[in-house]
Amino acid sequence: KCDFTVFGIPCHTTTVTCKDDQLCAIIRGRAGNTPSSSPKNCVDKGKCHTNDTSSFAGITYSTSYECCEGEFCNSAAGTGAQLSLAAGLAMLGAWLAQGL
């Protein structure tokens with residue numbers, strides 16, 4: 001879960017478990033033609049792969065819901081970051097072993 005982020009700036013994430021009728025999602029928001037936010041959270045399955053549009057003060061706001069299934073599937077730091085950390089630690093260990 002990531003409540004709020006703008007222009008691709010990373011935000012503080014927390015781990016949540018979605019309910020049975022929900023999936024993990026990246027929720028992309030736009031104000032006019034400008035991307036405004038991309039929070040991550042659980043959403044009802046019925047919202048998956050849909051778009052919402054509303055207007056306020058003459059600006060059109062649109063929201064799209066990109067859903068996925070599986071643990072940490074909407075996380076940019078999922079298994080890729082864990083594998084990179086493991087590879088880095090292995091390389092450090094090999095380097096230190098050469099010095100002995």
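Modeller: Buried means under 20% relative accessible area. This is a predicted model.

Colleague: Is C42 buried or exposed, and what is its relative accessible area?

Modeller: The cut-off for buried is under 20%. C42 falls under that cut-off, so it counts as buried, with a relative accessible area of 15%.

Colleague: Which cysteine does a disulfide join to C42?

Modeller: The structure holds 3 disulfides. One of them has an S to S distance of 2.1 Å and ends at C42 in strand β3. The pair links distant parts of the chain, 24 residues apart. The other end, in the segment before β1, is C18.

Colleague: Is the disulfide of C18 and C42 left-handed or right-handed?

Modeller: Look at the torsion about the S-S bond. For C18 and C42 the torsion is about -90°, so the disulfide is left-handed.

Colleague: How many residues apart in sequence are the parts that C48 and C67 tie together?

Modeller: C48 and C67 form a disulfide, with sulfur atoms 2.1 Å apart. C48 lies in the loop between β3 and β4, and C67 in strand β5, so the pair ties together parts whose separation in sequence is 19 residues.

Colleague: What is the handedness of the link of C68 and C73?

Modeller: A disulfide joins C68 to C73, with S to S 2.0 Å. C73 counts as partly exposed, at 30% relative accessibility. The angle about the S-S bond of C68 and C73 is 80°, and the link is right-handed.

Colleague: Which cysteine sulfur is nearest to that of C24?

Modeller: C24 counts as buried, at 18% relative accessibility. C24 is in no disulfide. A disulfide needs sulfur atoms within 2.5 Å. The nearest cysteine sulfur is 4.0 Å away, and belongs to C18.

Colleague: With which residues is Q22 in contact, leaving aside its neighbours within four places in sequence?

Modeller: Q22 is found in strand β1. At 18% relative accessibility, Q22 counts as buried. Beyond those neighbours, its contacts are C42, V43, D44 and K45.

Colleague: Which element of the protein chain has the lowest mean pLDDT?

Modeller: The mean pLDDT of the protein chain is 77. Strand β3 has the highest mean among the elements, 93. Over residues 77-89 pLDDT stays under 50, and the model has 0 contacts there beyond four places in sequence. The lowest mean, 48, belongs to helix α1.

Technical notes:
Residues numbered from 1 in each chain as written. Predicted model: local features only at pLDDT ≥ 70, side-chain atom pairs only at ≥ 80, totals over all residues. Heavy atoms only, no water. pLDDT = per-residue confidence, 0-100. Helix = DSSP H or I, 4+ residues; strand = E, 2+ residues; numbered from the N terminus. Contact = heavy atoms within 4.5 Å. Buried < 20%, exposed > 50% of the residue type's maximum accessible area, 1.4 Å probe, protein only.
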